[in-house]
Amino acid sequence: MAGFWVNMGPQHPMTHGLWNMRVKIDGETIVDAEPEIGYLHRGYEKIMEVREFQKNVVLTDRLCYVSSITWSHAYCLAVEKMMGIEVPPRGQWIRVVSLEIQRLASHLMWLAAFAPDLGLLTGLLWALRERELFLDLLQLLTGARMNQNFPRIGGVRNDLPPDFDKYCKKIVTHFRKKLDEYEALMHSSKIFLMRTQGVGRISAADAINWGVTGPNLRACGVDVDFRRKEPYETYDEVDFEPQVWRGGDGGDSYARFVCRFNEMRESCKILLEALAKTPKGPYRAKAPRRAEGEGFARTEDSRGEALFYVIGDGDDRPYRVKIRSPVFCTMAATPIMLRGNKMADVVAILGSVDVCVGEMDK
Amino acid sequence: MAVDWQLAAFLILSALEVAGSILVVTSKKLVHAAFWLAMTLVTIGGIYLILLSEFVFLIQILVYAGAVPVLFVFGIMLTRRKIMEEVTPPERTETATVPGKEGNP
Amino acid sequence: MSGHLVAPNLFELCRVLIGGILGILSDAIKGAAPPGSPVEGLRGLGDAILAPWLIDLSAWLIAITIMVTWAAAVMLLTFMWIERKTYSRLQDRYGIMISVWSLPFWPFSWWAKRRNKPTHKGLGWLQNVADGVKLLQKENITPAKADSPMFHTAPVLIASSTILIFAALPFSEGFLIADVPLSLLFILAAFSLAPLGILIAGWASNNKYTLIGGMRAAAQLMAYEIPLLLAVIALLFYSGTLNVIDIVGAQEVALLTIGPLSIPAWNIFSIPQFLGFIVFFVAIIAEMERIPFDIPEAEAELVEGWLTEYSGMRFGLVFGFKWLRAIAGSALIVILYFGGWSGPVWYTANLSVGGAVVPIPIIPHEVWFLLKLVLLFLVFVWISWSVPRVRIDQILNIGWKRLIPLALLALILAAVFAAFAPLPAGIR
C-alpha cells in the first residue's frame with residue numbers, strides 16, 4: 001500500500017527551530033523521510049566577507065545561538081592559524097573554561113527540549129532551571145547570558161572575574177546533585193527506556209559515511225572526540241574521558257541520550273580542573289588588522305565537529321569563510337534513523353539528535 | 001386526563017427508532033449512517049427500559065452504543081482511501097449505501 | 001441521619017425546600033386574596049401550586065441543577081486548580097496565582113485600588129474561571145470542509161455522556177440524583193459512550209492529524225475498557241451487587257478490631273481485589289487519557305490530537321470534561337476499593353429542626369469521600385507529571401497483552417476465594 005507524505009513543520013510545536021521534516025508513512029510506519037532546511041538561512045558566509053575579522057565574532061555567536069562561545073571560538077582559532085599568532089596560556093585556559101560552561105548550557109537546553117518531546121514536561125522546567133545557573137556564570141564571566149561576543153582573535157575579551165572559581169565550584173556541586181535527580185527521573189523510568197531504546201538506530205558505518213560527528217557518533221561506539229583526537233587550546237592537559245557508548249547495540253536514541261548526558265558530568269570535571277590550572281599572565285595577544293593566508297580549525301562543538309576555513313587576501317576582511325556545521329551533516333543522516341520506526345518516534349529521534357537550526361542553515 | 005405514560009414513551013421511542021433506521025439506510029455519508037445506527041440501538045434499549053429490564057438496557061448501551069458503532073467507523077476508515085469525500089453518487093437507483101461500489105470518486 | 005449531611009436524599013431535601021417555598025408562596029397568594037375579595041379565584045391558584053406533581057418536578061429540577069453545578073462547576077474548577085498547582089510545584093514553580101483582587105467589578109476593584117492590593121499573589125482558583133470566560137468569548141470556528149452536523153454533535157456526545165455519569169455517581173448515601181439498582185453498570189456504560197464521540201470528532205474535523213488522533217484515542221479507550229470491566233466483574237464475586245451504595249455499605253464493616261481502632265473491610269485489602277485494583281488503576285488512567293497514556297492528545301506530534309480544530313467553548317467543554325472524567329474515575333476507584341464515603345463520623349450536639357431532634361455529624365460522609373477523592377487524584381497527578389508518554393502501539397500492547405491476563409487472573413482468584421473461602425456472615 002502506498003504511503004502518504006506528512007509535513008512535520010515548519011510550524012510545529014516540537015520541532016525545535018524552523019525546519020520541515022517530511023515523512024512518508026504507511027499506516028504508522030515511516031517508509032521514507034526528507035528534511036527541508038534553509039528556512040533560517042541568513043547568508044552568513046557572504047556577510048562575513050564584508051566585515052572585519054574581529055567584527056565577525058558577533059555573527060558567529062549567532063550561528064548556534066544556544067552554544068555561542070564554541071562557534072565564535074572555532075572562528076577565532078581559524079583566523080589565528082591564518083594570522084600565525086599564538087594565544088597566551090592564560091587566554092587558552094580561560095577559553096577552555098568558557099567553552100565548557102557553554103557546553104553545559106547547550107546540553108541542558110537539549111535536555112529541556114528532549115524531555116517534553118517524550119511527554120515528560122517536568123524535565124523541561126528542571127533542565128531550564130539548571131541552565132539558569134550556568135547562564136548566570138556566563139553573565140558573570142562575559143557580561144551576557146547568550147550571544148556573549150566573548151572570544152577575541154588572540155585571546156578572550158576579559159579576564160576571569162574575582163572569586164569566579166568559588167562560584168563555579170558551588171554551582172557544580174549543586175548541579176551534580178541535580179544530575180542524580182535527573183537520572184532518577186529519566187534513566188530509571190521504564191517508560192523512558194521503552195520510548196528510546198532500539199529507536200532511531202544508525203550503524204557506525206552509516207554514521208561515518210554520512211559525516212555524523214559528536215555525541216551522535218560516539219553513541220554508535222566510534223571513539224572520535226576532537227578534543228582528544230586533535231587537541232586544541234589546552235585540552236591535552238586536561239583529564240577527561242570522551243563518552244563513548246561501549247555497549248553492544250549502540251546508535252539508538254537511548255545511546256545518544258546517555259552519551260550527551262554523561263558529557264555533562266565530564267564537562268563539570270573539565271571546568272573545575274581548568275579553573276584550578278589557569279596560570280597568571282596576559283589573556284590576549286595583539287592581532288594584526290590585515291592578514292593574508294589560509295586558516296583551518298576544527299573543534300568539538302556541543303553538537304559535533306565545527307569547522308572553519310578562513311582565507312584572507314591582505315585586506316582587513318576575510319576573502320572567504322567556509323563553515324561546516326555538524327547538524328547539517330547529521331540532518332542528512334536522519335532519514336536512515338527514521339526509516340522503519342513509527343510516526344510517534346519522530347519527535348523522540350529528532351530530539352535525541354539535538355538539532356540547532358541556526359548552525360544548520362547558517 | 002389519565003395519560004398512559006408507558007404507551008406515550010413507547011410511541012416516542014419507537015418513532016425515534018424507526019426514523020433512525022430509515023436514516024441509517026438513506027444517509028449519504030457512511031459515518032452519518034454509523035451515528036444513526038447508534039441512535040437506533042440506544043432507543044431500542046430505551047424500549048427495554050420501559051419493559052423494566054434495566055440490565056439489558058445498560059448492556060445494550062455498553063455494547064451497542066459504546067463499542068459497535070466505533071467498530072463500524074473503524075471499519076469504514078480503514079478500508080476507504082478517500083474518507084473525506086465518500087458520497088454515494090446520485091445517479092444510482094438503489095438507496096442502500098454500499099461501501100466499495102466502484103464509481104465512487 | 002447516619003453520617004451523611006445531605007439526608008436522607010438530595011431529592012427529599014429539595015422537596016422539603018420546594019415544599020416550603022411553595023407553601024410560603026401559596027400562603028401569600030391566599031393572604032392577598034381573602035375569601036370575600038373580587039380576586040377570590042386566585043385562591044384556586046394558591047391550592048394548585050401545591051400539587052404534588054409540581055413539587056416533585058421542581059424538586060427534581062433543583063436537585064439536578066445542584067448536582068450538575070456541584071460536579072461540573074465547583075468540583076471541576078477545584079480539581080483543575082489542584083492539578084495545576086500540584087504539577088507546577090512538581091516543576092519547581094509557583095503555578096497559577098491570580099487573586100480575588102483582580103476581579104474587574106465592585107467591590108473588588110474598588111477595594112483593590114484603594115488598598116493597592118496585588119492582583120497575582122493569591123491562590124489561583126479564579127484562573128480556571130478566567131480561562132472559562134476567555135473560552136466563552138472566543139469565536140467558534142468551524143473548519144471549511146468539516147462535516148458540520150457531526151462536527152457540532154461530537155462535543156455534545158462527549159459532554160453529555162460525561163455529565164450522565166453523575167446521574168448515578170453518589171458522593172455519599174444522600175448526595176446523589178438517583179439510587180438505581182444497577183448504578184455501577186450505568187456509570188461504566190456512560191463512560192463507554194465517549195469513544196464514539198471522540199472518533200466522530202476526530203473524523204469530522206477534516207484534518208489528517210485529528211483523524212489519526214481520534215482513531216488512536218478510540219483504539220486506546222476501547223482496549224482499556226475490557227480490563228476495567230473484568231476487574232469490576234472480579235469485584236462482583238465479593239459484593240454480589242451492582243448497586244454502588246450497597247458496595248460501599250459492605251465495606252463499612254470492620255475487618256479487624258485492635259482496641260479502639262478498627263480496620264474497615266475495604267475491598268482493596270483482599271488479595272484478588274488488590275490485583276483487580278492494580279488493573280483498574282492502570283486502566284482508568286488510560287480511560288482518562290492522562291500522561292502516560294495521552295498519545296491521542298499528544299502535543300508533541302499532533303498539537304491537541306483529536307480536538308485540535310475545536311475552538312471557543314466547544315473546546316472548553318471537551319477539554320474541561322477530561323477533568324470531569326478524571327473525577328468520575330477517581331470516584332469509582334474510591335467507591336469500589338477504598339470504602340467510598342465510609343469513615344468515622346462523630347456526631348456533635350443535636351440540632352432541633354421543626355420539632356425533630358437531628359444530630360449533625362462532624363466530618364460527615366461527604367467530607368470523607370472528598371478527602372479520599374482528592375488524595376487519589378493527587379496520586380494520578382503525581383504519576384502523570386513524572387513519567388514520559390507511552391507510544392500508542394506500546395499502550396495497546398500493555399492493554400491487550402498485559403492487563404487482560406492480569407484481570408483474568410484476578411477474576412479467577414476472586415471466584416476461587418468466593419467459593420472456598422467465603423467471608424464470615426455479616427461481611428459480604
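Start in chain C: select helix 8 (194–204) and helix 13 (312–337), which each supply at least two residues of the lining of the second largest cavity. Helices (H or I, at least four residues) and strands (E, at least two) are DSSP runs, numbered from the N terminus. This is a predicted model, where local features need pLDDT of at least 70. Residues are numbered from 1 along each chain.

**The cavity**

A cavity is a set of points on a 1 Å grid over the protein atoms alone where a 1.4 Å probe fits but cannot get out; lining residues have an atom within 4 Å of a point. Volume is the space filled by probe spheres set on the points, which are joined across faces, edges and corners. This second largest cavity has a volume of about 130 Å³. Now select Ile198(C), Glu289(C), Trp306(C), Lys322(C) and Arg325(C): of the 14 lining residues, they are the closest to its centre. Helix 13 of chain C gives the largest share of the lining, four residues.

**The sheet**

Move to chain A. Find the open sheet of three strands, order 6-7-8, with antiparallel pairing. Strand 6 (292–301) and strand 8 (318–324) of chain A stand at the edges with a single partner strand each, so one side of each has no neighbour in the sheet. Strands pair if DSSP finds at least two bridges between them. Strand 7 (residues 304–313) and strand 8 of chain A pair over six bridges. Select Ile311(A): its bridge partner in strand 8 of chain A is Arg320(A).

Conventions:
Chains lettered and ligands numbered in written order. Predicted model: local features only at pLDDT ≥ 70, side-chain atom pairs only at ≥ 80, totals over all residues. Heavy atoms only, no water. 1 Å grid on protein atoms, 1.4 Å probe; cavity = no way out; pocket = protein on both sides within 12 Å on 5 of 7 lines; lining within 4 Å.
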